[in-house]
Amino acid sequence: MTARPDREFEVVGKNERKVDGTGLVAGRRKFVADLHLPNTLHVKILGSPHAHARITSIDTSDAEAIPGVACVLSHENTPSTRHTTAGQGYPEPSPYDARMFDTKVRFVGDRVAAVAAESEMIASEALKAIRVEYEELPAVLSIDAALQEGAPVVHDEADSTGIYDAARNIVADVDIDVGDVEKGFEESTVVVETTCETQYAQHTPIEPHVVLAYLDSDERIVVRTSTQVPFHVRRILAYTLGIPMHQIRVIKPRVGGGFGTKQEVLLEDVAALVTLRTGRAALLELTRAEEFIAARTRHPMRVRVKLGAKADGSLHAIEMEGLSNTGAYGAHGLTVLANTGSKTLPLYNKAENAHFFGQAVYTNLPVPGAYRGYGATQGYFPLETAMDELAEKLSIDPVELRRLNHIRLGETSPIFEKLGEGREGVSQTVKSCELARCIEIGAERIGWTEKRGKQSKDGPWVHGVGMSIMMQGSGIPEIDMAAATIKMNEDGSFNLLIGATDIGTGSDTILAQMAAEVLGVPLSKMVVTSSDTDTTPFDVGAYASSTTYVSGTAVVRAAEKVRAQILAVAAPLLESPAEGLFLREEAVVAANGSRVGLDRVCQRAMYESDQFQIAATASFVPSESPPPFLANFAEVAVDTETGRVNVLHYVAAVDCGVAIHPKLAEGQLEGSIVNGLGYALTEEMITSSRGRVRNPSLFDYKIPGALDLPKLEVVLVDSYEPTGPMGAKSVGEIGINGPIPTIANAIYDAVGVRLRKTPFTPERVLAAMRAS
Amino acid sequence: MTIMLRINGVSRTVDVAAGETLLEVLRREGFVGVKCGCGTGDCGACAVLLNGRAVNSCLTLAGKVDGAEILTVEGLASVERLHPLQEAFLDEGAVQCGYCTPGMLMSGIDLLTRNPNPSEDEIREAISGNLCRCTGYVKQVRAIQSAAERMRSGGDDCAT
């Protein structure tokens with residue numbers, strides 16, 4: 001633990017230009033598909049037309065006979081190893097229930113075969129020439145259908161492992177208790193209960209999934225892929241394809257957004273196998289329609305929350321029950337469900353009695369996976385709705401009720417220890433928390449006291465304000481690991497080698513800022529290489545809000561080791577013991593003011609005396625996961641004639657510790673809140689009665705554009721996390737949890753109806769108003 | 001068929017297949033700064049200037065623009081110097097993953113060429129066809145405002 005330093009940071013906390021920024025604005029930075037290799041094969045995948053069917057025969061001979069077709073893959077000629085596509089730490093807490101190509105298909109779009117050909121057009125033609133016979137099976141198209149006695153079994157194969165109860169379609173089951181929740185409700189003065197439902201929604205990074213595989217000059221396979229988890233890709237590929245890990249190199253170039261969907265090994269196996277079979281480069285890019293049909297989504301959930309409070313407003317008992325639809329495969333099924341409780345319930349730690357339980361179930365619908373917020377988004381909707389209902393019953397201002405009950409500095413929650421990432425958690429106390437200040441700022445900026453309960457009218461439009469609070473985490477304690485290597489060059493610059501995975505978040509930049517801060521150099525002296533399994537050290541990747549906190553600490557530790565080496569080399573040059581020396585402005589400086597440039601220090605180490613490479617590697621595994629905190633406030637106008645909801649003003653005040661790069665931290669909040677606004681108001685994947693996605697385009701699936709947005713204010717509240725690198729916590733996910741409960745509560749303030757199903761479309765709002 | 005295109009100030013003849021889009025032709029010719037996010041005209045990642053106006057190159061048939069003047073993101077900057085709009089995107093933190101950035105820049109250039117002093121609403125209107133999933137647009141709008149100021153005061157050569 002470190003206290004806040006007396007001295008101002010030189011590089012940290014500054015809005016530096018992103019280290020990869022110039023290349024990106026100039027259009028020069030190369031994404032996966034921007035590398036054109038000679039004789040590249042184009043790969044297309046044949047998806048299942050049925051939600052649930054057995055493949056009784058497959059004949060690829062006509063497709064193979066088409067001129068220009070190089071290779072056809074199906075279950076008949078590919079490895080049958082069961083694995084998970086979830087790019088998680090090993091052993092993964094997700095079931096091994098997927099095969100490269102299976103003899104059974106479990107959702108519309110499930111993989112049947114793949115063709116590699118000289119052009120995309122030939123590959124597409126060849127897909128049509130593959131003759132497949134299916135035996136259609138009854139499909140399971142909802143959570144309730146999946147749990148019915150005698151329901152069709154989605155995973156009836158004998159060789160899948162890690163499924164809680166395959167015969168009953170239950171992927172995972174979670175049940176944890178603190179105190180006695182039933183007794184707690186009996187002892188409560190007021191009890192409220194609410195059930196909320198969230199929809200199928202997609203990440204829609206503007207760059208769809210894409211991978212390019214090729215053989216290097218040593219005949220090793222290089223997989224250049226748009227991923228959040230390059231090291232997990234390498235491990236899962238080696239296992240799935242049955243090839244030695246050292247024969248695989250995974251490179252993540254620039255990535256056009258991830259948000260969780262690229263924490264999944266979706267395409268790499270197919271492209272890699274084409275290359276292994278043909279010796280040729282293979283490019284596999286999903287179209288936008290394929291992305292909607294066959295990539296990942298958020299887990300739709302039905303979550304029930306019951307709260308009991310004493311007359312003074314203090315929470316006494318909380319119960320949360322989650323039912324999660326994990327689609328045709330169980331990737332992230334257990335952990336997303338567990339996080340629905342573990343990332344929400346500690347927020348209200350005053351309740352002595354708590355119970356979280358639930359199940360994740362298979363259906364024959366599109367496959368959910370990791371999605372920014374990771375279950376917490378689904379949990380905060382009913383939790384923060386119920387808090388509003390409780391406030392009303394107790395006649396306490398909703399802001400006041402939260403102030404009374406939220407976790408504070410120095411406090412803990414038994415949930416931290418009881419419920420972790422699909423297993424027991426890790427106990428921790430909160431060492432930084434400015435949530436009270438966040439609430440205060442948010443309430444003031446939105447004009448809470450002036451506007452709440454006023455229902456001001458403007459023609460058919462009625463105004464209302466709502467709020468919600470939340471926490472998330474900073475990585476997965478005692479599981480996540482990150483490493484960093486720093487080596488010095490004789491011009492006084494440094495190479496920073498990190499496994500951490502910049503998917504647009506700016507992690508290359510903020511991690512370099514941290515190293516530059518320790519080493520006393522401007523950011524321009526840090527050369528960043530990231531996410532290449534051959535050349536950078538291990539890192540679990542970009543997920544679970546881990547990078548700033550976990551990878552950041554590894555970087556700071558590596559920099560501190562390098563600093564010690566530099567000081568030792570400089571000591572004889574300055575005729576001063578290393579202990580009294582420090583690094584400042586690209587030089588080693590002694591207490592008496594004498595100094596020697598870093599270039600000179602490195603030249604001595606490389607060419608002159610006791611020669612060695614100044615370099616160090618450091619690793620970090622966190623023992624806790626300090627939560628960032630967020631207060632959301634929104635003003636909405638509801639059209640009482642059409643049910644349309646306009647969000648006029650949204651304020652988000654966040655405590656993420658020290659913001660290493662304030663504009664990038666704000667950008668994380670702004671982006672996640674706008675994604676959350678779409679999730680709250682317009683975004684919904686609609687499936688037909690046969691399980692087919694009916695709106696697989698950005699025209700029919702509406703994500704927010706620049707014209708669709710409220711005045712959006714993000715406030716970074718001053719805070720310092722003593723266990724964090726330079727005082728930082730992570731901030732990548734938390735914002736996306738805010739809009740749904742905040743807007744739902746604002747709609748209630750405006751028109752007196754509770755929306756319990758997302759998205760809040762005009763139809764749903766109008767129906768709710770008419771029903772009330 | 002063979003067509004002639006003037007791309008970023010350099011004329012070249014290119015062979016195009018029937019039905020091939022300008023996006024496909026530009027990427028094949030090496031202008032990979034032009035991105036494909038949907039192929040159906042919904043996301044704007046493929047926007048280029050066609051005879052001075054921003055268009056979705058994925059919806060533009062290459063065969064129909066024989067003789068056209070095309071500006072892609074690669075033509076905005078020289079190696080030594082970025083365009084003020086690119087500078088503003090960097091300074092305002094408007095670039096996250098950068099995949100929508102080329103299209104967003106072209107829409108911004110189109111706007112600033114016609115309207116050197118746009119309001120926030122005019123900026124939002126101008127980039128309403130460019131979807132971004134990372135930024136929430138706040139910093140992109142600010143970057144275009146800032147570029148407008150830079151270009152008005154600096155007299156930079158904005159008329160690319």
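Reply: Happy to! A term to begin with: helices (H or I, at least four residues) and strands (E, at least two) are DSSP runs, numbered from the N terminus. This is a predicted model, in which local features need pLDDT of at least 70 and side-chain atom pairs count only at pLDDT 80 or more, while totals for chains, interfaces and linings use all residues. Residues are numbered from 1 along each chain as its sequence is written, with chains lettered from A and ligands numbered from 1 in the order in which they are written.

Me: Thanks! Where is P91(A)?

Reply: P91(A) sits in the loop between β3 (69-74) and β4 of chain A. The bond joining Y90(A) to P91(A) is a cis peptide, with omega about -5°.

Me: Which other peptide bond is cis?

Reply: The one from T758(A) to P759(A), where omega is near -10°. P759(A) belongs to the loop between α19 (739-751) and α20 (762-771) of chain A. Most residues other than glycine have a negative phi, and most peptide bonds are trans.

Me: On phi, then: what is the value for E586(A)?

Reply: Near 65°, which is positive in a residue other than glycine. E586(A) is in the loop between β21 (582-584) and β22 (587-589) of chain A.

Me: Is E586(A) exposed or partly exposed?

Reply: Partly exposed, because E586(A) has 16 C-beta neighbours inside 10 Å. The cut-offs: a residue is buried if 20 or more other C-beta atoms lie within 10 Å of its own, exposed if 12 or fewer, and partly exposed in between, with C-beta atoms placed from the backbone.

Me: And what about phi of D610(A)?

Reply: Phi of D610(A) is near 45°, also a positive value in a residue other than glycine. D610(A) has 9 C-beta neighbours inside 10 Å, so it counts as exposed. Its loop runs between α17 (598-608) and β24 (615-620) of chain A.

Me: Zooming out, how many helices and strands are in chain A?

Reply: Chain A has 20 helices and 27 strands. Its radius of gyration (taken over C-alpha atoms) is 27 Å, close to the 28 Å that the globule rule gives for 772 residues, so chain A is as compact as a globular protein of that length. That rule is 2.2 Å times the number of residues to the power 0.38. Buried residues are 62% of the 772.

Me: Let's switch to helix α13(A). Which of its residues are buried?

Reply: L435(A), C438(A), I439(A), I441(A), G442(A), A443(A) and I446(A). What covers them includes α11 (398-405), β17 (461-471) and β25 (629-639) of chain A. After α13(A) comes G447(A), with a positive phi near 80°.

Me: Which strands form the open sheet?

Reply: Three of them, in the order β4-β2-β6 (chain A), paired antiparallel. Two strands pair if DSSP finds at least two bridges between them. The edges are β4 (104-105) and β6 (131-136), each pairing on one side only. Six bridges join β2 (residues 53-59) to β6(A), and I58(A) stands opposite V132(A).

Me: Last one: how many residues does each chain give to the contact?

Reply: Chain A gives 45 residues and chain B gives 42. In contact means that the C-beta atoms of two residues, placed from the backbone, lie within 7 Å. On the side of chain A that touches chain B, the largest share, eight residues, comes from α18(A).
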